[in-house]
Amino acid sequence: MFQASEDKRVNLFSLDRSALESFFVAEGEKAFRARQLMKWIYHRGELNFDAMTDLSKRQRGWLAERCRLDLPEVVSRQDSRDGTIKWVVRVGNGNCVETVLIPERGRNTLCVSSQVGCMLDCSFCSTGKQGFNGNLDTSDIIGQVWLADQTLRARGETVSNVVLMGMGEPLLNFDNVLPATELMMDDLAFGISKRRVTVSTAGVVPGIYRLAESTDVSLAISLHAPNDALRDQLVPINRKYPIAKLLEACGHYLSGLGERRSLTMEYTLLRGVNDSLEHARALAQLLRGLRCKVNLIPFNPFPASGYERPDERAVRNFQTYLMNAGYATMLRTTRGDDINAACGQLVGQVQDRTRRQERYIARRKAQEVA
Ligand code: SAH
C-alpha cells in the first residue's frame with residue numbers, strides 16, 4: 001500500500017549533495033558524514049542505515065528515526081530481444097511511469113521520466129494522450145537511475161548516459177529535475193559527465209534561461225518542424241514560444257557551454273507531414289549559425305495516432321540532405337519497440353486529471369469499430 005505521503009521522515013533520495021550536507025549540518029552533524037552516506041546509497045546500493053558501519057551508532061539511530069530511503073516501486077520489467085529493458089515504476093503519488101535502459105556498444109543509456117503523463121500534448125506522442133497527473137519528486141527521478149544502475153552493477157556495468165526523454169516535460173518540473181541532474185553528475189552519486197546527461201525540452205523557453213543560470217548539462221530541443229505554421233500543429237507549446245524565441249534561447253544556452261559543445265535538435269519524421277526535402281532545406285536554413293547536431297527519429301507508431309513512419313528512402317534522403325548541408329545528423333534507430341519502449345511510446349499508468357485520456361480512448365474505440 002502506498003502511504004509515503006503521510007510519512008514525516010525526510011526521503012534522502014530527494015536531496016542533492018549540497019541539500020544533504022545542509023540537512024546534516026542543521027542536525028548538528030559534520031558535512032562529511034553526508035558524503036559518507038552518499039557513498040553507501042549510490043555506490044554500494046545500501047539502503048539500511050544500520051549497515052553503514054562508518055557512521056556511529058548514534059548517527060545511525062537518528063537517521064533511522066528522522067529519515068528514509070524510499071525508491072519508486074518496480075511494478076514490472078520487460079526485456080526486449082534487443083537488450084532494451086523497460087520498467088514500470090510506481091512513484092510518490094501512486095501513479096506509474098516508465099523508464100527505459102538502452103544498451104549499445106559500450107554505452108548504457110537510461111531514458112528517464114520526469115512527470116506523470118505530460119501537459120503538452122504534442123500531436124504525435126502517446127504520452128500526451130495519457131493526460132497529466134503531476135510532477136515526479138527528485139527521489140522518483142533519481143530513483144529510476146538508482147534502480148537501473150543497481151541492475152547493471154550486478155553485471156559489472158553502470159549507467160553511462162541519462163536522457164530526460166521519458167514521460168513528461170522536464171523543464172515544467174524544474175525544481176525536482178535540477179537536483180536530480182546534480183546527483184547524476186556528482187562523483188559521490190553516479191558521476192556521469194555533463195556531456196552525457198541530457199535534458200530534452202519541447203521548447204519551454206523560460207525554462208531554458210533558468211537552466212542556463214543553474215547548470216551546464218547537455219540540452220536537446222524537440223524541434224520537429226522548420227516553420228511556425230507546422231510546429232504550431234505538432235508541438236502546441238510553439239504557439240506560446242515560437243521558433244524565433246526558442247532559437248534565441250538556444251543561442252543563449254550555448255553561450256554558457258564550452259566552445260566545443262553543441263545542442264541536439266530532435267526531429268521526428270512523420271510521413272507526408274514534415275519529411276520532404278523541402279522541409280530538410282528549410283531546416284538547414286533555419287539552423288544555420290547555431291552549433292547543433294540533428295537527431296532524426298522515424299515516427300514510432302501507436303494506436304489511432306493518425307501518423308505514419310516515412311519509408312526508409314525518405315528518411316535516408318532527409319539525412320543525406322542535412323549532412324551535405326554540413327550538419328552532423330544521426331538517425332536514431334528504433335530500440336525496444338517489441339515492448340513499446342521506443343521514443344514516444346511510453347504511457348505508464350496515469351490517473352488523468354485532464355480528461356485527455358478519456359477522449360483518446362473514445363477516439364481509439366471509434367476507429368477500431370470503423
Ligand atoms: N517533453 C520532452 C521530453 C520527451 S523526449 C521533449 O519533448 O523533448 C521524447 C522525444 O521523442 C521527443 O523528441 C519527442 O518529440 C519524441 N517523440 C514523441 N513521440 C514520438 C513518436 N511517436 N515517435 C518518435 N518520436 C517521438
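Trainee: Which domains does the domain assignment of the protein give?

Mentor: Bear in mind that this is a predicted model. The assignment gives domain 1, residues 10-68, and domain 2, residues 73-363. Their C-alpha centres lie 33 Å apart. The contact draws 14 residues from domain 1 and 15 residues from domain 2.

Trainee: How much area do domain 1 and domain 2 bury between them?

Mentor: The general idea comes before the case. Interface size is often given as the accessible area lost when the parts come together. Here domain 1 and domain 2 bury about 1,300 Å² between them, with 60% of it on carbon and sulfur atoms. On the domain 1 side, the residues that lose the most area to domain 2 are Phe-13, Tyr-42 and His-43, which together make up 44% of what that side buries.

Trainee: How many salt bridges does the rule find across the interface of domain 1 and domain 2?

Mentor: The rule finds one. Arg-17 and Asp-186 form a salt bridge, and their closest N and O atoms are 2.7 Å apart. Polar contacts are counted as well: eight residue pairs between domain 1 and domain 2 are in polar contact.

Trainee: Which helix supplies the largest share of the side of domain 1 that touches domain 2?

Mentor: Helix 2, residues 31-43, supplies that share, with six residues. By type, the residues on this side of domain 1 are six nonpolar, four polar and four charged.

Trainee: Now the ligand. Which residues around the ligand come nearest?

Mentor: There are 20 residues around the ligand, and Ser-200, Ser-222, His-224, Asn-300 and Gly-344 come nearest. Ser-222 places a polar side-chain atom 2.6 Å from an oxygen atom of the ligand. Backbone atoms also take part: a polar one of Gly-168 is 3.0 Å from a ligand nitrogen atom, and a polar one of Cys-343 is 3.4 Å from a nitrogen atom of the ligand.

Technical notes. Residues numbered from 1 in each chain as written. Predicted model: local features only at pLDDT ≥ 70, side-chain atom pairs only at ≥ 80, totals over all residues. Heavy atoms only, no water. Domains from an automatic or database assignment. Contact = heavy atoms within 4.5 Å. Buried area = accessible area lost by both parts, 1.4 Å probe. Salt bridge = Lys/Arg side-chain N within 4 Å of Asp/Glu carboxyl O. Polar contact = N/O pair within 3.5 Å; in protein donor to acceptor, adjacent residues only side chain to side chain. Helix = DSSP H or I, 4+ residues; strand = E, 2+ residues; numbered from the N terminus. Nonpolar A, V, L, I, M, F, W, Y, C, P; charged D, E, K, R; others polar. Near = heavy atom within 4 Å.
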